[in-house]
Amino acid sequence: MGLGGAAQAADDASREATLGRSVSVRGPGLHTGRSARVTLAPAPAGHGIRFAVRCPRTGARADDVPAGTAAWVASRMSTALDIGQGRKLRTIEHLMAGLAASRIDNAAITVEGTEIPILDGSASRWCALIDEAGRVPQARPRQALRIRAPFQVDGMHGFLRAEPGDGFTVDVSTDRLPGFGVLRWSGPIDPGTFRAAIAPSRSFGNASLIWRTALKTRLARALLPGGMRDRLWARSFDSQTVCGAGLVPASPRPEHRREIGLETQARMHPRDREPLLRGARPGRVAILLGGRVLGGARFPDEPVRHKILDLVGDLGLAGRPILGRIVANCPTHALTFAFLTELMRHPECWEIVPLAPAGTGRGESGTT
């Protein structure tokens, strides 16, 4: 790219953008197993990411639902939006990650169904769909949420912290996957890096958890002696937190820890029963067993890369790109919800700044 092209690209990254045209995809959901059709369409500057939901089974409709923390509602093993009357639009995180990493600020999304399709379990198909539509810069300048002071929340066997930093970078680890030991990935999240290193990573299901569930059944208790069941149960945890290749988990910083408010805690976990993993199949998720990915991994550390994919999608509900460094161990959808919700209550830790063209100093545009 010549100097003129590079300058134009930098300027484009500092302005809001939408899609060049409408694109659609259809597929089953991970948790409900039901098929849905999703259409991504252009939207005017300042519109943000908003959803219109149509339920073909019931005829229920919800219009103009913003992808933001106010509409974020607790959902098991996914990120969901409240679409009214006790209904949810589930599993939006992979689509949101694709939009955020592609620097799409404004889009009108129509969903004919109640769950975003899982596709192949990654964000690659979403990125390809967005590339097919094209990115169109708009006149309105982009604004970012710049981290001014460290801010951390703990819980769910892990932590999530934001620190001041140039651009948008992550340092994420996990040490609670049986057989995998410690997995850790760090680096910048920009469109190119996300597409090459993060987007192809797939949702994963841990076969050890299925095995433990089976060991609790009446049939297992009837057929297996208690001692054998205990040994098999213990074996499913083998190497759960053994550090491999010199890796250690990212470290919490207790001095930067903030309490999660009672209201936020009450919103972190769903109280209703909802479908879970009814659409999980080989080809839609990666199955983990004994430190391996059945059928082969796309990356040696694929599970932690998918943790980052989910994190990028969930952070997209901040409504604007983040300028700072995100450090986490074992992040979950619920913990990211708590992090964003509590961060918004501490404006001394952040500020809203315009995104300057790349290379012009503070407000660097190398962000999601």
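A few ground rules come first. The model is predicted, with local features needing pLDDT of at least 70 and side-chain atom pairs counting only at pLDDT 80 or more, while totals for chains, interfaces and linings use all residues. Residues are numbered from 1 along each chain as its sequence is written, and side-chain values rest on heavy atoms, with hydrogens and water left out.

W72 and F337 make an edge-to-face pair, 5.2 Å centre to centre with 70° between the planes. W72 sits in strand 6 (residues 72-73) and F337 in helix 10 (residues 333-344), so this pair ties together parts that are 265 residues apart in sequence. Helices (H or I, at least four residues) and strands (E, at least two) are DSSP runs numbered from the N terminus. Both W72 and F337 are buried, that is, under 20% relative accessible area with a 1.4 Å probe and protein chains only (over 50% is exposed, in between partly exposed). F151 and F339 also pair edge-to-face, at 5.9 Å centre to centre and 65° between the planes. Here F151 belongs to strand 12 (residues 151-155) and F339 to helix 10, 188 residues apart. F151 counts as buried because its relative accessibility is 0%, and F339 does so at 1%.

On a 1 Å grid over the protein atoms alone, a pocket is an open set of points with protein on both sides within 12 Å along at least five of seven lines, and lining residues have an atom within 4 Å of a point. Of the 32 lining residues, G48, I49, D105, G319 and R320 lie nearest the centre. Strand 4 (49-54), helix 2 (93-101), strand 10 (135-141) and helix 9 (302-315) each give two or more residues to this lining, and helix 2 gives the most, with 3.

The T18 side chain reaches the backbone nitrogen of A43 at 2.9 Å.

How values were computed:
A polar contact is a pair of N or O atoms within 3.5 Å; within protein, one must be able to donate a hydrogen and the other to accept it, and residues adjacent in sequence count only if both atoms are side-chain atoms. On a 1 Å grid over the protein atoms alone, a cavity is a set of points where a 1.4 Å probe fits but cannot get out, and a pocket is an open set with protein on both sides within 12 Å along at least five of seven lines; lining residues have an atom within 4 Å of a point. Rings of Phe, Tyr and Trp (its six-membered ring) pair if their centres lie within 6.5 Å; planes under 30 degrees apart count as stacked, over 60 as edge-to-face and the rest as tilted.
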